[in-house]
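Colleague: I would like to go through this model with you. Please put it up, and I will start asking.

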Amino acid sequence: MLEIAIGIILGCCAIGAGIALIAGIGPGIGEGQAVAKACEAVGRQPESRSAVTSTLILGCALAETTGLYGLIIGILLIFVAPGSFVGILKSAIEWSKTIL
Amino acid sequence: MENKKNSRLLDALLLLLIILPLVLAMALKICTAPEEPLEDGVIISGAQVYFTIAMPLQEWPITAAQVNSWAIILSILGVCLYLTHGIRVIPDSKRQLAAEWIVDTVNKLVKSNMGEKFMGFAPFVAGILALSALSSLSSLLGLFAPTSDLNIVLGWAILVFILITHYKLKGGLWNYIKGFFSPIPVFAPLNIIGEVATPISMSFRHYGNVMSGMVISTLIAYALRSLSNMLLGWLPGILGQIPFLQVGLPAVLSLYFDIFSGCMQAFIFAMLTMMFVATAVPEEG
């Protein structure tokens, strides 16, 4: 019984990590927009290339933040959460044994 | 003559101060490295705990990230002392020119982003830039990069948050509290969340970038090793053991993940610090 429970925990953690990385869609679209506009700006005013590029890189790094939140949740779900969830499950079983 | 000899000795000592902490950190890592695991697997773990100090409430772990960041702080101190000792009004050495270039660059950066009023912030910004960039770059030496540990970066972000709050409080406590209830009182919870989110987002951004780079390069290196075992394992003797496919690609990835991403995040952290502090100061008049 415990094996099945641990298996469900591991599987659900993996699925959750996959779902969390859907967060990558947002920054992808946003950074694509930013780069497209930067290309337009450079095309219109080639002499402003260096200023546009540095602003673009800064903006892209800022836009990446929300994607990184998803990534951190995903990494936590893969590397940290299974261990702590299994620990919680085991201590809950111990606790229920002492109650009964 | 005597003077020159003394200065040579001082130079050597300072160079030692630059290199020795990093060498000691590497030696500590090698000495305390755990035994090689027998099974063939990939291991991605947080900072290694070197030792713990007994404290009244809880044990205080001293991790690789802390030790490495202390080593980097000592190295930066060594670089600063080495570049600036024996400076003259008319520069006659290359290292004084280098020091002047660094100070000039940071001053220009602070002036263009924060304005003339905040020139006192230049050393702080330079410190954050140097510490953050060199922390990320220290992974090139094989050390555990302190910036891939959330605790270190969160510490810096909390420092910045305290600075921001300090400058906001300069406009008076009443104005600070009133700021949360603008434009209408209903927004108070949102404003408080936005205030608390500042250090969290700053630290997560930096930590997430560096750590994801570490994870991805570890996974790719492991995958390449398995692939070369599979494809070239039939070679006789020791030739079959050498992972030939690991040559090349990890270095290119490291160029992006370690060097570009680390320096970029250091710059962004410093930029955000400057912007937040500059906008926190209440307007006069």
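Colleague: What is the mean pLDDT of chain B, and what share of its residues reach 70 or more?

Modeller: This is a predicted model, where local features need pLDDT of at least 70, side-chain atom pairs count only at pLDDT 80 or more, and totals for chains, interfaces and linings use all residues. Residues are numbered from 1 along each chain as its sequence is written, while chains are lettered from A and ligands numbered from 1 in the order in which they are written. pLDDT is the predictor's confidence in each residue, from 0 to 100. For chain B the mean is 84, and the share at 70 or more is 95%.

Colleague: Which helix of chain A gives the most to the side that touches chain B?

Modeller: Take contact as C-beta atoms, placed from the backbone, within 7 Å. On that basis 10 residues of chain A meet 11 residues of chain B. Helix 3 (49-63) and helix 4 (65-99) of chain A each give two or more residues to that side of chain A; helices (H or I, at least four residues) and strands (E, at least two) are DSSP runs, numbered from the N terminus. With seven residues, the top contributor is helix 4 of chain A.

Colleague: How many nonpolar, polar and charged residues does that side of chain A have?

Modeller: Nonpolar covers Ala, Val, Leu, Ile, Met, Phe, Trp, Tyr, Cys and Pro; charged covers Asp, Glu, Lys and Arg; the others, Gly among them, are polar. The side of chain A that touches chain B then has nine nonpolar, one polar and no charged residues.

Colleague: Is A:Ile75 buried or exposed, or in between?

Modeller: A:Ile75 sits in helix 4 of chain A. A residue is buried with 20 or more other C-beta atoms within 10 Å of its own, exposed with 12 or fewer, and partly exposed in between; C-beta atoms are placed from the backbone. A:Ile75 has 19 such neighbours, so the class is partly exposed.

Colleague: What percentage of chain B counts as buried?

Modeller: The count runs over the 285 residues of chain B. The buried share is 23%.

Colleague: Which helix of chain B gives the most to the side of domain 1 that touches domain 2?

Modeller: The assignment, automatic or from a database, gives domain 1 (1-32 + 46-89) and domain 2 (110-285) of chain B. The contact takes 15 residues from domain 1 and 13 residues from domain 2 of chain B. Helix 1 (2-31) and helix 2 (64-84) of chain B each supply at least two residues of the domain 1 side. The top contributor, with seven residues, is helix 2 of chain B.

Colleague: How far apart in space are B:Ser254 and B:Ser139?

Modeller: B:Ser254 lies in helix 8 (residues 249-280) of chain B. In sequence, B:Ser254 and B:Ser139 are 115 residues apart. C-alpha to C-alpha, the distance is 9.6 Å.

Key: Contact = placed C-beta atoms within 7 Å.
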